[in-house]
Structures are given as structure tokens and as C-alpha cells.
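Work through the exercises below with the sequence and the model open beside you. Try each task before you read its solution.

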Protein chains: 2
Amino acid sequence: MSANSRLTIAAHALAWIGLYQRQGHEVATSEQIATSANTNPVVIRRLLGELRRAGLVESRRGVGAGWSLARELGSMTLLDVYEAVEPGPLFAMHRTTPDQGCVVGYGIQPAMQGIYEGIEETLRRELARVTLANVLRDVLAASR
Amino acid sequence: MSANSRLTIAAHALAWIGLYQRQGHEVATSEQIATSANTNPVVIRRLLGELRRAGLVESRRGVGAGWSLARELGSMTLLDVYEAVEPGPLFAMHRTTPDQGCVVGYGIQPAMQGIYEGIEETLRRELARVTLANVLRDVLAASR
DNA sequence: GACTGTCGTAACAATTAATGTTGCGACTGC
DNA sequence: GCAGTCGCAACATTAATTGTTACGACAGTC
């Protein structure tokens with residue numbers, strides 16, 4: 001389905017900053033994170049900008065500039081990141097409104113909307129169960 | 001997120017065929033369904049072709065051709081439709097492989113993979129709880 | 001056996017979203 | 001003033017979905 005790796009990259013960036021800070025550094029640059037994620041610094045800045053708006057990270061400018069965590073990794077969940085980074089709903093409706101003169105065309109959107117809402121709520125609950133500290137732990141576990 | 005209405009359109013088509021058959025008709029044409037969904041018949045044929053491969057619908061050719069349900073709506077779940085119609089996983093990995101020389105770059109994909117698998121499993125369970133008969137019922141409820 | 005209506009499928013265009021890239025001004029410590 | 005990095009805009013590239021056209025295959029009917 002989705003050609004959409006935003007959540008993955010955002011988690012990557014947060015784990016990277018968290019580990020880097022754990023190693024005693026103050027801030028991480030978009031350049032460093034981009035190298036680790038094998039992408040362009042601007043892509044990282046865009047993503048981190050959204051995370052900053054959500055209060056998950058902070059940025060400094062000027063010399064010695066860069067990014068740092070605004071909260072402990074253990075207090076951030078994937079749901080926080082997901083909501084900061086994913087704009088729309090999981091499943092989309094028709095791109096053109098269906099025939100309102102047809103019973104099915106008229107009723108399908110409210111029906112699916114209701115169903116999808118319940119499913120998204122469950123997805124949120126699952127995402128909320130995973131903290132970024134869990135993610136970093138799993139990341140480090142893979143290297144042994 | 002996903003600019004992806006495949007599941008919605010597929011459910012629309014199945015509900016339409018189900019209702020049409022309930023009204024005594026043998027088969028529905030892609031033309032009719034496309035009119036209700038306000039899209040092109042070929043789009044419907046493509047989707048229904050995938051549903052046929054999954055054993056949910058059947059098609060006849062020649063004069064009086066069209067589509068019919070292969071099973072009761074009550075025995076089809078949204079999960080059946082989802083699996084027939086959605087190709088990839090819900091969340092994607094990096095589009096280029098991250099820096100394998102970096103601890104995070106090395107461990108992030110297995111870590112996220114494990115997390116995503118659990119979440120997708122939950123999603124599947126939710127989708128499996130909704131039958132297409134439920135969908136049609138909700139559709140008809142909206143018109144009153 | 002020709003005719004008709006619909007599927008089956010390929011080929012291509014159009015649209016949209018995400019991602020990648022370049023450029024440059026803004027900021028801040030030296 | 002200088003250097004390093006963010007902030008952001010503009011544009012290019014890529015990929016997926018959707019829309020469209022075209023035409024052959026098929027199966028009934030006349």
C-alpha cells in the first residue's frame with residue numbers, strides 16, 4: 001500500500017538523536033541524521049520540523065546548531081510521532097463523490113467512514129503502546 | 001496518508017452487486033457499478049478481477065455478461081477484500097537502505113519490521129470482524 | 001454465420017503524493 | 001566579519017494510483 005516511509009524515518013531520526021545524546025553530545029545535525037538514514041538533510045529537517053511543532057524535539061540555530069530531544073524517549077510513543085507526521089486518514093474515500101441518486105452511492109461513504117474510524121482508533125491504541133525507548137532498545141538489540 | 005481508495009471502491013462494488021442480486025438480477029455489469037461509484041468501468045473491472053482471483057466474485061462473458069457474487073456477503077470480511085486488493089504492507093521502510101555502518105542504520109529496519117508486524121496483525125483482526133453484509137446493512141441504514 | 005454486448009487486457013495519459021535537490025536568507029557564537 | 005547550520009521556498013524526480021482508449025475474446029441471439 002502506502003509508498004510512505006515517514007513514520008519509519010521519523011523514528012530513525014529520534015532514535016539517532018537519542019543515542020547520540022546518550023553518548024554525551026548536545027545536539028545532532030540534520031546532516032548526520034541524513035547520512036545515517038541515507039537521504040537528504042532537507043528531508044530530515046522537514047520531518048524534524050513537524051516533530052518540533054508537536055513538541056517532541058527542539059532546534060538551535062547559529063554556530064553549534066542542531067537538534068535535540070524535547071522529552072525523554074521513554075515518554076514519546078509511536079502514536080505521537082504518527083500524529084505529528086501523517087496528515088490524512090489511513091483509508092481514503094472515493095476521489096470523486098459517488099452517484100448520490102443510487103442507494104449504495106449515497107450510503108457507502110457514511111458507512112465506510114464509521115467502520116474506518118473504529119479501525120483507526122484501534123491502530124492508535126497499538127501505536128500508543130510502543131515508546132521510542134522501546135524502538136531504540138530493539139535497534140540496539142539487532143546489532144548483537 | 002494513503003491516496004488509496006481501493007478498499008473503499010471494492011466494498012462499494014461488492015455491496016452494489018449484493019443489493020442488485022437481492023433485487024432478483026443475475027449479474028451486474030462493470031458499467032453499472034462504475035456509474036454508481038462515479039468512475040471508469042475499466043477501473044471496476046480491474047478491481048473485480050482481483051476479487052475474482054481471491055474467489056469472492058465470478059464473471060460471465062458474452063451476451064448477458066457481468067459479475068456475480070461467488071459467496072454470500074455474510075461470509076466475506078473486509079480482511080478478505082483488503083488482502084485481495086492491497087498489495088504491500090501498511091508502513092514502508094526507507095526507500096534506500098540506511099547506513100549499515102551506523103548502529104541505528106543497521107538496527108532500525110529489523111526493529112521497525114517487528115513492531116509493524118504486530119500492528120498489522122491487529123489491523124487484520126479488526127478488518128476480519130466486519131463482513132460485507134455488515135457494510136451493506138450500514139449502507140442501507142444511511143438512506144433512512 | 002453475422003451481430004451485439006460485455007469482459008479481459010494492454011498501452012498510455014493524467015493526477016497526486018512523497019521524496020530529492022538546489023539555493024539562499026536568517027541566525028548565532030566566535 | 002566569518003563559519004556552520006537551520007528555515008524555507010521553489011523546482012525536479014520518482015512512484016503509485018487512477019483515468020482513458022482501444023481492441024480482441026467470448027457467448028448468446030437472430
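**Exercise 1.** Find at what angle the axes of helix 1 and helix 2 of chain B cross, and classify the crossing.

*Solution.* 
Step 1. Locate the elements: helix 1 of chain B covers residues 6–22 and helix 2 of chain B covers residues 30–37. Helices here are DSSP runs of H or I with at least four residues, strands are runs of E with at least two, and both are numbered from the N terminus.
Step 2. Take the axes, which are lines fitted to C-alpha atoms, for helices over the stretch in contact; angles run from 0 to 180 degrees between N-to-C directions. The two axes in chain B come within 10 Å and cross at roughly 120°.
Step 3. Apply the classes: under 35 degrees is roughly parallel, over 145 roughly antiparallel, 65 to 115 roughly perpendicular, and the rest oblique. Helix 1 and helix 2 of chain B are therefore oblique to each other.
Step 4. A crossing is right-handed if the near helix is turned clockwise from the far one by less than a right angle, and left-handed if anticlockwise.

A note on the model: it is predicted, local features need pLDDT of at least 70, side-chain atom pairs count only at pLDDT 80 or more, and totals for chains, interfaces and linings use all residues. Residues are numbered from 1 along each chain as its sequence is written, chains are lettered from A and ligands numbered from 1 in the order in which they are written, and side-chain values use heavy atoms, without hydrogens and water.

**Exercise 2.** List which residues of helix 1 of chain B meet helix 2 of chain B.

*Solution.* 
Step 1. Look for contact, meaning heavy atoms within 4.5 Å.
Step 2. From helix 1 of chain B come His12(B), Ala13(B), Trp16(B), Ile17(B) and Tyr20(B); they meet Gln32(B), Ile33(B), Ser36(B) and Ala37(B) in helix 2 of chain B.
Step 3. Sort by class: this contact has six nonpolar, three polar and no charged residues. Ala, Val, Leu, Ile, Met, Phe, Trp, Tyr, Cys and Pro count as nonpolar, Asp, Glu, Lys and Arg as charged, and the others, Gly among them, as polar.

**Exercise 3.** Describe how helix 1 and helix 2 of chain A cross.

*Solution.* 
Step 1. Their axes come within 10 Å and cross at roughly 120°.
Step 2. The two helices of chain A are therefore oblique to each other.
Step 3. Their crossing is right-handed.

**Exercise 4.** Find which residues are closest to DNA strand C, and which element gives the largest share of the surface near DNA strand C.

*Solution.* 
Step 1. Count a residue as near if one of its heavy atoms lies within 4 Å of the strand. DNA strand C is surrounded by 27 residues, and the closest are Ser5(A), Thr39(A), Ser30(B), Arg52(B) and Arg95(B).
Step 2. Helix 3 of chain B gives the largest share, four residues.
Step 3. By class, this surface has nine nonpolar, nine polar and nine charged residues.
Step 4. Check two atom pairs. An N or O atom in the side chain of Ser5(A) is 2.8 Å from a phosphate oxygen of DNA strand C. An N or O atom in the side chain of Arg45(B) is 2.8 Å from a base nitrogen of DNA strand C.

**Exercise 5.** State how many residues surround DNA strand D.

*Solution.* 
Step 1. The count is 28, with Gly62(A) among the closest.
Step 2. The largest share, four residues, comes from helix 3 of chain A.

Conventions
Polar contact = N/O pair within 3.5 Å; in protein donor to acceptor, adjacent residues only side chain to side chain.
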